[in-house]
Amino acid sequence: MIGVESLSVAYGAVQALREVTFEAPPGRITAVLGANGAGKTTLLRTISGLVAPREGRVHLGGETLTGRAPEEIVRLGVAHVPEGRGVIGEFTVEENLRLGAMIRREPAGPLLEEQYALFPVLGERRRQGAVTLSGGERQMLAMARALIARPRVLLLDEPSLGLAPMVTAQLMHSIRDLCASRELTVILVEQNAKSALRIADTAVVLYLGRVVANAPAEEVARDERLRQYYLGMVES
Amino acid sequence: MNAFLTSRPVSDVLTGVTNGVIYALVALSLVLIWRSARLLNFAQGAMAMIATYVGFVAIAPHANYWVAMVVSVVAGCLIGALTERGLVRWLYGKPELNPVVAMVGFLLVLESVAAAIWSTSSRGLPSSFSPIDWQLGGRPLALSPFAAYEIVTALVVMGFIAGIFRFTKLGLRLRAAALAPEVSRLLGVRVNRMLTIGWILSSGVGAVTAVLVASNYFTGLTPTAMDGVFAFGFIAAAIGGLDSPGGALASGVTLGIVLQFVSDYVNANDVILVALGLLIVSLMVRPNGVFTRDAQRRV
C-alpha cells in the first residue's frame, strides 16, 4: 500500500499540489486524472523523489519515502516511467533493459528473458538502437525497463501519449494483466481519461492541484459533473 | 623499402603520430569530463603534472620507474576525485563562465604551488627507453624506443577506457548518467557518484599523459610541462567533438601529423598558428566537432 498524505508542492510561487491525500492498494490500478497543469506529473515526480514537497509525506508499507533520493526510492520498489517514456535512444533495447536490471543482485540474463517473453517484439529488436522503435514499442520498452527491477509500485505518466487508439487499448490491457498477476500497485496518470477509466479500479481527479474526487472508477466515469475537471473544460 | 620508411614524409608521419597520441590522450581526458559534466577542465594538464610530481618526486623518488608511474596514476585519480567533490561540485548549474574562470584559476594555483614546492627547474624521469631513433639500413627511422613506448601506452590506455565504457556495468551507468541523468536516477543510478568516477578516470588518463610527457628526455618535469601539450590536446578535442572519445583519438593523431608537416615543410614557429587556424575553421564548419554524429533525436 502506497499512501500520499496531505502533500503540497510549490515551484517558487506557483502551487502545484495542495494537500493531496489518497492511497493506492496493491493489485489495483489507481488512475489520476486531470487537465493540463492539474499537477498529475508533479504528483508522480514527488512520489519518486525527483521533486521535494513543501509539506506532507509519501509512505510505502510503513516506510517514509519523502526525503529520500530517487535512486534510493527505486530500490525500495517504486518504479517511475516518466512522461515521454525516458527511453535512452542512443542505447540498444537490451542496454536500456540492462540499465533497469542494474539494481537487482541476480544475473541479468534470466531477467531479460522474462521481459522478452512478456514483450516478444523487444526480444526481436534487442540489438537495435532504441531510437528505431515505434512509439508503442518504446512505451513497451519503458514498461519492461521498469518491470525488470521487480517493483512493488509502478508509476505510469501518460503511457498513451502519442499512441494510436489500437495500441493504447493493447497497452491498457497489458497494464491490467500485469497489475493483477503481480499484485502491483499501479498509479496511472492519464489525459486519456476514457482509456484509463476503463481499466482503473479507483480514480483520483485533480483540479488545480487539489483532489476534487476520489472514488471507484465506474462512479467517476458516470459522474457528468466531474467530467469538466478532467477534460479541462472548466471556465476559470 | 628502407629508403621509403626513412623518407622525409614518412618520418613526418611517424613523428606526428608520436606527438598526436599525446594530444589524443589529453583530448580523451577532456572528453570524459565534458560528456558527463558539460565542463571544460582547463586545469587538466596542471592536475596531471601535480600527480607526476607526487609520484616521482614526493612519494617515490628512488623507486623503480613503473612503481612511481603507478603511484602517479593513483595520485592523479585521487586529485580528480578531490577536485570534483571539493571544487567542481559547487559549479554545476552555475552560469557558463563560472566554471571556466574557476578552472583557469585552479590551473594557475596548481602551477604556482608546484613551483613553490618543487621549484621550476626541470627534472628528468628515469625512463629506461632510449630516445635515439632506430636505424634502418644506415638511415634513422623517425621512431625511437621511447616513441614506441608512448604510442603503445596511449593505445593501451584508450583501449582500457573504451573497454570500461563498452563492456562493463559501470560503463553502462556512466554512459546513462551522461546521456539522461534524470532517467538514470529513476533507474537507481547514483548520478553524483558517476560524475566523481568520470573525474577519476579522466584524471587517471591525465596522469599517464603527464608521466609520458615528463619522461621525454628533452622536456622533463616542470610545473608548466603540460601547458603546450594541453593547448594542442584542447584544440584536438574541440576539433574532434567534445562528445566523442573516438573523435579525440582521430583528431589528436591527425593534428599531430598535420602540425609535423607544417613544422618540417613550412616553419616550426607557425605550428601554433596553424593549430588555431584549424580550430577556427572547424568550429565554423562543424561547431559540434568533426567526429560527432549529428544530434540524435532524444526519445
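Two residues count as in contact here if their C-beta atoms, placed from the backbone, lie within 7 Å. With that in hand, I'll start with one residue in chain B. Setting aside neighbours within four places in sequence, B:Ala210 is in contact with B:Ala48, B:Met49, B:Ala51, B:Thr52 and B:Met226. B:Ala210 is in helix α9 of chain B. It counts as buried because 33 C-beta neighbours fall inside 10 Å, and the cut-off for buried is 20 or more. As for B:Gly124, 86 residues from B:Ala210 along the chain, the two C-alpha atoms are separated by 13 Å.

Before I go on, please keep in mind that this is a predicted model. For chain A, the mean pLDDT is 91, and 98% of the residues reach 70 or more. Within chain A, confidence is lowest in helix α10, residues 224-230, with a mean of 84. The highest value in that chain is 96, in helix α2, residues 70-73.

Next, the domains of chain B. The assignment gives domain 1 as 27-124 + 140-224 and domain 2 as 226-293. Taken over C-alpha atoms, the centres of domain 1 and domain 2 of chain B are 20 Å apart. Between them, 16 residues of domain 1 are in contact with 17 residues of domain 2. On the domain 1 side, α2 (8-37), α3 (44-59), α6 (145-167) and α9 (191-215) of chain B each supply at least two residues. The most come from α2(B), with six residues. By class, this side of domain 1 has 12 nonpolar, three polar and one charged residues.

Staying with α9(B), how does it sit against α7(B)? The two axes come within 9 Å and cross at roughly 105°. From α7(B), B:Arg173, B:Leu174 and B:Ala177 meet B:Val191, B:Met194, B:Ile197 and B:Gly198 of α9(B). By class, this helix contact has five nonpolar, one polar and one charged residues.

Helix α7(B) also brings us to the other chain. Across the two chains, 18 residues of chain B are in contact with 23 residues of chain A. On the chain B side, the elements giving two or more residues are α7 (169-179) and α8 (181-186). The largest share, five residues, comes from α7(B). That side of chain B divides into nine nonpolar, two polar and seven charged residues.

Now the chain A side. Which residues of α3(A) are buried? They are A:Val93, A:Asn96, A:Leu97, A:Arg98, A:Leu99, A:Gly100 and A:Ala101. That is seven of the nine residues of α3(A), so the helix is largely enclosed by the rest of the structure. The cover over these buried residues includes α4, α5 (120-124) and α6 (135-147) of chain A, together with α7 of chain B.

Last, A:Met102, which is placed in the loop between α3 (93-101) and α4 (108-118) of chain A. Is A:Met102 buried or partly exposed? It is partly exposed, because 19 other C-beta atoms lie within 10 Å, and a residue needs 20 or more to be buried. Leaving aside neighbours within four places in sequence, A:Met102 is in contact with B:Lys169, B:Arg173, B:Leu187 and B:Gly188. Back in its own chain, A:Met102 and A:Val131 are 29 residues apart along the chain, and their C-alpha atoms are separated by 21 Å.

Key: Residues are numbered from 1 along each chain as its sequence is written. Chains are lettered from A and ligands numbered from 1 in the order in which they are written. This is a predicted model: local features need pLDDT of at least 70, side-chain atom pairs count only at pLDDT 80 or more; totals for chains, interfaces and linings use all residues. Helices (H or I, at least four residues) and strands (E, at least two) are DSSP runs, numbered from the N terminus. A residue is buried if 20 or more other C-beta atoms lie within 10 Å of its own, exposed if 12 or fewer, and partly exposed in between; C-beta atoms are placed from the backbone. Ala, Val, Leu, Ile, Met, Phe, Trp, Tyr, Cys and Pro count as nonpolar, Asp, Glu, Lys and Arg as charged, and the others, Gly among them, as polar. Domain bounds come from an automatic or database domain assignment. Axes are lines fitted to C-alpha atoms, for helices over the stretch in contact, and angles run from 0 to 180 degrees between N-to-C directions. pLDDT is the predictor's confidence in each residue, from 0 to 100.
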